[in-house]
Amino acid sequence: MLAAADLPTPLTAVDDPEFAAAGAELWLKRDDLAHPTVPGNKWRKLAPNLELAVAAGARGLLTYGGAYSTHVRAVAAAAKGLGLASVGVIRGAELAGRPRNWSLARAERDGMVLEFVERSAYREAAAGRERRAGYHVLPEGGSNGPAVRGAAVVAAELAGQLPDFGARDVLCCAVGTGGTLAGVAAGLPAGARALGVAVLRGEGYLEAEVAALQRAGYGRESANWRLAHGWHGGGYGRVPPELERFARWFEAAYGVPLERRYVAKALWAAYGLLRAGELAGRRVTVLVTGLPDPPS
Ligand SMILES: *Cc1c(COP(=O)(O)O)cnc(C)c1O
């Protein structure tokens, strides 16, 4: 049995003097606490896909990712819970004969069969969305139309948690593939806005991805979101000293552990944009999309 998610996820106020001085508020939407085995926003994006896979009588889930992909781990955990098979196509043929890192070891423990492919072949495999009999295929990162609709539930929950959720509100989230931003923006009520924080260098490209994902999920785009590109800290997985200092300060001040590749960057951007005067008077909710990695 796949454990039920604990919804709605908690919404907590951060009593921050800088936000208060700007007439603004800071809230955290704790999606890192959504599910006991399927991590954070990967659960949001998987939930509708799992329903489709089960309804179609799929015997398994197949997906793609790098050696530390949270999405790959999430698919393995979900498949295990549902009693489905799972296959992970992993970038890097050279990894096949090496000891597994903690992330791949976890996926294997959950019953996932790993297939390692050359980096050159991986691109094509992941883009081709191969068909494999009996398998529900999920793209790299898990972002597709159903995933976008799953992420939109976050906005619906917030509407029930915050009085007058609307024109004063900004929902801020980290952006990797863009599925989460596409969904939360699509789910917002009139007047509220979504702010996506790019965690990798992707100006232009990411905007096109988010728009395409909204069309895949809803058949249309919404105009209530934008991307901030100044907070990736040098690229995916890069954590410059300034960001590390900020994250440690926040953790010590407010007791919330911050995952560094995504969540810390989103929060760093929220403070940065507040200091730049862009969030004055706003109620800012930062979506905590996942938990920190275990120490390795
Ligand atoms: C995967 C991930 C994201 C990125 O979500 P996208 O929908 O790919 O943009 C954000 N935060 C965390 C913690 C993640 O693991």
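Student: Which backbone atom is 2.8 Å from an oxygen atom of the ligand?

Tutor: A polar backbone atom of Gly-176. A polar contact here is a pair of N or O atoms within 3.5 Å; within protein, one must be able to donate a hydrogen and the other to accept it, and residues adjacent in sequence count only if both atoms are side-chain atoms. This is a predicted model, where local features need pLDDT of at least 70 and side-chain atom pairs count only at pLDDT 80 or more, while totals for chains, interfaces and linings use all residues. Residues are numbered from 1 along each chain as its sequence is written, and side-chain values use heavy atoms, with hydrogens and water left out.

Student: And which side chains reach the ligand's oxygen atoms?

Tutor: Thr-177 has a polar side-chain atom 2.6 Å from a ligand oxygen. For Thr-180, an N or O atom of the side chain is 2.7 Å from an oxygen of the ligand.

Student: How much of the ligand does the protein cover?

Tutor: 96% of the 390 Å² of accessible area that the ligand has on its own. That area comes from the Shrake-Rupley method with a 1.4 Å probe; for residues, only the protein chains shown count as cover.

Student: Which elements give two or more residues to the shell?

Tutor: α2 (40-55) and α7 (179-187). The largest share, three residues, comes from α2. Helices (H or I, at least four residues) and strands (E, at least two) are DSSP runs, numbered from the N terminus.

Student: Where does the ligand lie relative to the domains?

Tutor: Domain 1 (11-36 + 147-287) and domain 2 (40-143) both give residues to the shell, so the ligand lies between them. The bounds come from an automatic or database domain assignment.

Student: New topic. Where is the cis peptide bond?

Tutor: Between Leu-7 and Pro-8, with omega about -5 degrees. Pro-8 sits in the segment before β1 (11-14).

Student: What about His-35, buried or exposed?

Tutor: His-35 is buried, at 6% relative accessible area. Buried means under 20%, exposed over 50%, and partly exposed in between (1.4 Å probe, protein chains only). His-35 is in the loop between β2 (25-29) and α2.

Student: What does the His-35 side chain reach?

Tutor: A polar atom of the His-35 side chain lies 2.7 Å from the backbone oxygen of Ala-3. The side chain of His-35 also reaches the backbone nitrogen of Thr-37 at 3.0 Å.
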